[in-house]
Amino acid sequence: MKKLLGLLLIGVFILSACGRPDSGTTTTEDGEAGEDTYTLRLAHLVPEEQSSHVAAVAFKEKLESESDGRLIVELYPNGQLYGSDREAIEAVQLGNIEMTIPAVAAMASFNEKFQVFDLPFLFNNNEAAYKALDGELGQELMADLENNDLKGLVFGENGFRHVSNNEGPIESPKDMEGLKMRTLESPLHTDTFNAFGANASPFAFGELYTALQQGTYDAMDCPISLYYTNKFYEVQDYLTLTGHVYAATALLINNDVYNDLPEDLQEIMTEAAEEFRTEQRILAQQQDGEFLDKLKEEGMQVNDLTDEQRNEFREAAKSVYTKYEDQIGKELIDQALAANE
């Protein structure tokens, strides 16, 4: 009897010492190491065929394979859990989910330094954007996210944003005057389109299709891939290739969740995130070409801007730089613009 009582007390002591696993963590006894497993719920807005989700599937597979099952990733695409990037970021902050892949524009609501990437006509091409995002500027801002309870792993890509509407081809800012324009939930984006002459206001992406269908908005902007995968060609007639903003995304994880991972799992995640970035960007550019052709096949009337026409928009956007220079910081803006050199 004393021996049995002693064994029970030892068992109670072991359980007390181990404690209860954190949310998102499951303790398993595999017969060898008895190591913890970590469940990571990754939620985002884009549909399954869009490049971010396709690359996220490969990210999930690598994490689970390389960790021998100690990392388990659950994917929730197409706004299944949250209707906006802002909601998803807040959920990661609070630990309600572990990961998300938001548009960088939405991150400016949590860390205003990220507004620098929303400035119109900031980058001339993809290569300049990569240089800024993957270089010193991008890494400084990612590190600063830890003050917001977030860990930024890598930047991904949605591509350059373009303008669509139901009134007619847009060839100059005058063609945007009075258009009811939906923008991202970012004051800088709203101010940009107001500077172009539109009647702009923010609206959640998850409800945008219905708002366009009902005529609540005449116009919108987003990357080519999202025009096609969300079937906006059904509710928008004209597409103008303005390329006014390079739309980056970010692969985010709750900072505490990341720091609680064993060092070897952090290394696996870092490597998998870098592969995600490379593969996702390649696929995003491929999809831009393919989906633009499909948008034309679906009946969207597409027009590009001449250099002269684009310069008209650049001139109109100067007021936005002036308004936000103090808030963002001239040094950050100059650092970003230097990537074009």
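Visitor: Leaving aside its neighbours within four places in sequence, which residues is S172 in contact with?
Guide: Let's start with the term: contact means heavy atoms within 4.5 Å. This is a predicted model, where local features need pLDDT of at least 70, side-chain atom pairs count only at pLDDT 80 or more, and totals for chains, interfaces and linings use all residues. Residues are numbered from 1 along each chain as its sequence is written, and side-chain values use heavy atoms, with hydrogens and water left out. With neighbours within four places set aside, the contacts of S172 are E312 and F313.

Visitor: How far apart in space are S172 and N311, C-alpha to C-alpha?
Guide: In sequence, 139 residues separate S172 and N311. In space, their C-alpha to C-alpha distance is 9.3 Å.

Visitor: Is S172 buried or exposed?
Guide: Buried means under 20% relative accessible area, exposed over 50%, and partly exposed in between, using a 1.4 Å probe and protein chains only. S172 has 12% relative accessibility, so S172 counts as buried.

Visitor: Where in the chain is S172 found?
Guide: Strands are DSSP runs of E with at least two residues, helices are runs of H or I with at least four, and both are numbered from the N terminus. The protein chain has 13 helices and 10 strands. S172 lies in the loop between β5 (150-165) and β6 (180-183).

Visitor: What share of the residues in the protein chain is buried?
Guide: The protein chain has 341 residues. Its C-alpha trace spans about 90 × 45 × 30 Å along the principal axes. Of those residues, the buried share is 53%.
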